[in-house]
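Have the model open while you go through them.

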Amino acid sequence: MTDTVSRTETARLAFDGRELEMPVLRGSEDEAAVDISKLRAETGLVTMDIGYGNTGSCTSAITYLDGEAGVLRYRGYPIEQLAGQSSFLEVAYLLIYGELPTRQQLDAFVSEITHHTLIREEMRHFFDSFPADAHPMAVLASGTVGMSTFYPDSWEIFDPDAVEITTLRLIAKLPTLAAWSFKKAIGQAYVYPRNDLGYSANLLHMMFAVPSEPYEVKPEVAEALDLLLILHADHEQNASTSTVRMVGSTHVNMYASISAGINALWGPLHGGANEAVINTLERIVKSGGDVAKYVALAKDPNANFKLPGFGHRVYKNFDPRATIIKRAADRVLDATGADDALFEVALKLEEVALNDEYFVQRKLYPNVDFYSGLIYRAIGFPKNMFTNCFAIGRLPGWIAQWREMIASSETKIGRPRQVYTGVKQRDYVPIEAR
Ligand code: CMC
């Protein structure tokens with residue numbers, strides 16, 4: 001728990017002729033939460049909050065988000081400032097250690113990451129054993145938990161040195177795992193990391209270089225990728241981060257916790273939305289650019305279709321990351337000379353949706369995933385690699401949240417309650433008598 005939490009107020013709940021007084025926590029940005037930890041013991045009640053829209057699962061000093069005002073800050077620094085001036089590894093340092101590094105600290109951190117990018121040579125067989133059309137997210141999640149078999153020190157979750165080396169290994173090796181899962185899928189030779197390249201440039205090199213000719217990383221492309229990674233680096237208690245914390249609360253090692261987070265991220269309602277956005281835009285272009293048809297489909301309660309890249313559980317005004325990405329998309333499309341037919345359709349779709357009563361009433365705006373896929377695509381990433389890139393970006397956030405959770409004396413194993421709605425007690429009937 002942070003020392004900025006105040007507990008001077010209380011809230012009252014009346015039920016069944018009894019009144020319970022519960023402490024109210026206030027965080028450093030004045031967010032308030034009722035502490036209901038004594039509720040069941042004193043009243044027999046549990047709370048019901050499907051989707052956890054009103055449930056705080058922890059206190060955290062990492063990321064602040066105000067969905068109504070469109071504010072996102074890592075360790076107090078506005079995302080706009082970090083996106084404009086920082087680098088991904090500097091942001092990773094900030095999230096994990098709490099402060100911006102000095103030049104010396106950053107150089108040491110970057111050097112450590114750079115010198116851990118190789119994965120164990122035995123892991124080449126691991127990639128070979130997947131089918132050629134394996135989704136890279138499945139391979140990335142498996143490879144991440146697979147690393148725990150090579151590094152048993154990761155089980156020492158309360159040993160600061162072991163946590164530190166696991167942190168560095170994860171940040172250093174995830175791009176290698178991601179790039180090799182792609183190389184496997186396209187049947188090309190695995191490309192080893194290059195220590196003379198920056199983090200994002202090295203990922204591009206491992207993805208797109210081939211052994212038979214030189215590959216030059218375009219600085220503006222590496223810069224655009226670095227920006228995307230910064231924008232994805234943390235987002236407080238979203239589904240994948242909550243998964244990392246929940247799995248980590250069982251005291252399993254960090255590789256297993258992060259692997260669980262990667263699986264949670266894969267879903268199209270979460271990080272998989274970037275792939276779904278491009279699929280939708282391609283379908284719209286193919287059908288002659290009929291944007292209105294897809295907006296109508298998204299509004300049809302029987303269609304079981306939501307417009308990917310629109311809406312957010314927390315942002316109800318605008319997603320500050322989407323604003324930054326939209327501007328960057330324009331620049332990257334110019335720099336790469338990519339065909340921007342999809343970008344045109346995306347702009348049209350945004351305009352139609354933002355002026356539609358259904359979207360306005362429900363406060364549905366483009367989210368971070370609406371434009372990010374266009375940048376990944378312009379860079380040359382295939383669609384099924386987009387969410388791998390998101391995972392690489394989110395990794396420092398997952399690690400920072402895992403470390404905060406493990407270090408907190410208040411952490412308990414995550415174990416929600418339920419309200420049982422099944423059959424009441426009955427007697428077993430032998431199979432001959434059924
Ligand atoms: N298209 C059409 N209708 C929508 C959409 C959408 N994209 N998103 C929400 N709605 C409707 C929803 O049907 C509901 O309508 P009604 O009140 O008539 O039942 C209303 O808006 C409220 O939506 P909700 O589903 O209750 O909101 P939620 O907070 O549970 O879900 C969400 C948030 C992001 C899962 C949802 O907006 C969605 O499915 N969006 C599309 C997928 C997407 O872009 N996900 C990426 C999220 S941002 C990056 C990340 O988290 O990784």
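1. Start with G98, which sits just after α3 and takes a positive phi of about 95°. Keep in mind that this is a predicted model. The buried ones are F88, L89, E90, V91, A92, Y93, L94, L95 and I96. Note that E90, a glutamate, is on that buried list.

2. Next, the aromatics. The count comes to 21 aromatic pairs. Take F126 and F130: their ring centres are 5.2 Å apart and their planes stand at 80°, so this pair is edge-to-face. F130 has a relative accessible area of 21%, which makes F130 partly exposed; the cut-off for buried is under 20%.

3. How are the rings of F127 and Y190 arranged? Their centres lie 5.7 Å apart with the planes at 50°, so the pair counts as tilted. F127 belongs to helix α5 (residues 123-128), while Y190 is in the loop between α7 (160-186) and α8 (199-208), so the pair ties together parts that are 63 residues apart in sequence. F127 is buried, at a relative accessible area of 1%, and Y190 counts as buried too, at 10%.

4. On to charges. I'd look at a few of the salt bridges, which come to 17 by count. One of them joins the side chains of D35 and R7, at 3.4 Å from N to O. D35 is in the loop between β3 (32-34) and α1, and R7 is in strand β1 (residues 6-15), so this bridge ties together parts that are 28 residues apart in sequence. R7 counts as partly exposed, with 39% relative accessibility.

5. R194 and D196 also form a salt bridge, and their closest N and O atoms are 2.7 Å apart. Buried or exposed, what is D196? With a relative accessible area of 58%, D196 is exposed, whereas R194 counts as partly exposed at 32%.

6. Then there's E350 with K326, a salt bridge whose closest N and O atoms are 3.2 Å apart. Here two helices are linked: E350 lies in α15 (residues 341-354) and K326 in α14, so the pair ties together parts that are 24 residues apart in sequence. E350 counts as buried at 11% relative accessibility, while K326, at 30%, counts as partly exposed. Elsewhere, salt bridges with shared partners join E9, R26 and D30 into one network.

7. D334 is in α14, which covers residues 320-336, and counts as exposed at 65% relative accessibility.

8. Last, a nonpolar patch. M48, I50 and V419 make a surface patch of about 360 Å². I50 is found in the loop between α1 (39-43) and β4 (63-66), and its 78% relative accessibility means that I50 counts as exposed.

Technical notes
Residues are numbered from 1 along each chain as its sequence is written. This is a predicted model: local features need pLDDT of at least 70, side-chain atom pairs count only at pLDDT 80 or more; totals for chains, interfaces and linings use all residues. Side-chain values use heavy atoms; hydrogens and water are left out. Helices (H or I, at least four residues) and strands (E, at least two) are DSSP runs, numbered from the N terminus. Buried means under 20% relative accessible area, exposed over 50%, partly exposed in between (1.4 Å probe, protein chains only). Rings of Phe, Tyr and Trp (its six-membered ring) pair if their centres lie within 6.5 Å; planes under 30 degrees apart count as stacked, over 60 as edge-to-face and the rest as tilted. Patches are made of residues with over 30% relative accessible area and no salt bridge: like charges are joined within 9 Å, nonpolar side chains (Val, Leu, Ile, Met, Phe, Trp, Tyr) within 5 Å. Accessible areas come from the Shrake-Rupley method with a 1.4 Å probe; for residues, only the protein chains shown count as cover. A salt bridge is a side-chain nitrogen of Lys or Arg within 4 Å of a carboxyl oxygen of Asp or Glu.
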